[in-house]
Amino acid sequence: MDAQYNPRTVEEVFRDYKGRRNGLARALTTDVEEFFRQCDPEKENLCLYGFPNEHWEVNLPAEEVPPELPEPALGINFARDGMQEKDWLSMVAVHSDAWLLSVAFYFGARFGFDKSDRKRLFGMINELPTIFDVVSGKSKTKAPTNNNHSNSKSKSNNKMQKTSEPRAKQPKPQLKEEDHEDEAPDAGEDGGGAAGGGGGGEEHGDTLCGACGDNYGQDEFWIGCDMCEKWFHGKCVKITPAKAEHIKQYKCPSCMGANGGSSGSNKRARPSS
């Protein structure tokens with residue numbers, strides 16, 4: 001990390017923001033193939049860092065607590081193979097935008113920016129497209145020509161991995177008793193509640209996986225997050241029925257990133273019964 005670099009004026013903070021932003025945008029567009037390779041789901045929680053010199057880095061989070069600077073989203077590598085590449089890159093882009101703002105306004109708070117300084121800083125930042133705008137194509141900034149090649153290559157790798165994975169056939173997840181009592185018959189829009197309960201698979205057709213967005217499948221293993229209460233295909237979050245037997249509390253990759261949890265100790269599975 002570059003914690004010793006401390007911009008003190010609005011202009012310096014904006015230059016810091018712009019350099020970090022350019023580095024992150026390059027990781028998710030021009031250098032996307034290398035970024036994809038470095039985000040190995042088998043590794044520990046990884047973060048994407050951008051630096052004022054427009055470089056980027058995938059690395060483990062800072063060890064000091066509290067860190068010198070706000071930390072980016074934790075564990076971006078875990079969902080790499082469980083989502084469409086475009087959706088995964090968009091998710092990383094959104095978290096990166098949030099991190100950039102937190103770093104910029106951290107400097108503002110640290111060096112006593114007043115109301116007019118904060119307003120001017122945000123105005124300067126707001127003139128630039130967000131990283132999500134760049135990655136999703138909503139801005140006028142065009143992705144490099146070699147990005148399509150890397151996307152197609154990564155997607156083909158994903159398809160090969162998915163076809164080689166056995167499908168775990170499990171009964172559908174069960175609702176808690178209070179959910180049966182309190183929910184109306186048509187309250188199937190919440191991620192956790194919609195996938196549970198008895199009956200046939202048609203009752204759960206509205207349940208969507210929080211990672212890939214596909215509907216509930218009666219012959220597929222699902223697991224529920226105890227934080228956001230969304231449901232996920234086990235294959236999308238790399239949890240097998242065997243793993244679920246030993247999990248006490250489960251947090252999905254997004255909740256682990258938001259709360260800084262580790263991948264091994266913050267899971268409680270809801271094994272299907």
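## Close-up views of a predicted model

**Figure 1. Overview of the protein chain.** The protein chain has 10 helices and 4 strands. The model is predicted. Read from the N terminus, the order of elements is α-α-β-β-α-α-α-α-α-α-β-β-α-α. Of the 273 residues in the protein chain, 42% are buried. Where contacting residues of the chain lie at least 6 apart in sequence, 62% of the contacts join residues at least 24 apart. The chain exposes about 14,800 Å², and 49% of this area comes from carbon and sulfur atoms.

Figure 2. Strand E1 covers residues 47-50 and strand E2 covers residues 56-59. The two strands run antiparallel and are joined by 4 bridges. Between them are 5 residues; in this turn, Glu54 has a positive phi of about 70°. Within the pair, Leu48 stands opposite Val58 of E2.

**Figure 3. Side chains of strand E1.** In a regular strand, side chains alternate between the two faces of the sheet. In E1, Cys47 and Tyr49 point one way, while Leu48 and Gly50 point the other way. All four of these residues are buried.

Figure 4. Ser96 lies in helix H3. Its relative accessibility is 6%, so Ser96 counts as buried. Leaving aside residues up to four places away in sequence, Ser96 touches Leu24, Leu48 and Ile131. Ser96 and Leu48 are 48 residues apart in sequence, yet their C-alpha atoms are 7.7 Å apart in space.

**Figure 5. The largest cavity.** Rolling a probe the size of a water molecule over the atoms shows where empty space is left. A search of the whole structure finds 2 cavities of 30 Å³ or more. The largest cavity has a volume of about 70 Å³. Its lining consists of Ala73, Leu74, Gly75, Ile76, Ala79, Met91, His95, Pro253, Ser254 and Gly257. Helix H3 (85-110) and helix H10 (253-259) are the elements that give two or more residues to this lining. H10 gives the most, with 3 residues. By residue type, the lining of the largest cavity holds 6 nonpolar and 4 polar residues, and no charged ones.

**Figure 6. His233 in strand E4.** His233 is located in strand E4, residues 231-233. With a relative accessibility of 3%, His233 counts as buried, because the cut-off for buried is under 20%. Apart from residues up to four places away in sequence, His233 touches Cys209, Cys212, Asp214, Asn215, Glu220, Phe221 and Trp222. Among these, Trp222 falls in strand E3 (222-224).

Figure 7. Lys230 lies in the loop between E3 and E4. Its relative accessible area is 43%, so Lys230 is partly exposed, whereas His233 is buried. Lys230 and Leu208 are 22 residues apart in sequence. In space, the distance between the two is 8.5 Å, C-alpha to C-alpha.

Conventions: Residues are numbered from 1 along each chain as its sequence is written. This is a predicted model: local features need pLDDT of at least 70, side-chain atom pairs count only at pLDDT 80 or more; totals for chains, interfaces and linings use all residues. Side-chain values use heavy atoms; hydrogens and water are left out. Buried means under 20% relative accessible area, exposed over 50%, partly exposed in between (1.4 Å probe, protein chains only). Contact means heavy atoms within 4.5 Å. Accessible areas come from the Shrake-Rupley method with a 1.4 Å probe; for residues, only the protein chains shown count as cover. Two strands pair if DSSP finds at least two bridges between them. On a 1 Å grid over the protein atoms alone, a cavity is a set of points where a 1.4 Å probe fits but cannot get out, and a pocket is an open set with protein on both sides within 12 Å along at least five of seven lines; lining residues have an atom within 4 Å of a point. Grid points are joined across faces, edges and corners, and a volume is the space filled by probe spheres set on the points. Ala, Val, Leu, Ile, Met, Phe, Trp, Tyr, Cys and Pro count as nonpolar, Asp, Glu, Lys and Arg as charged, and the others, Gly among them, as polar.
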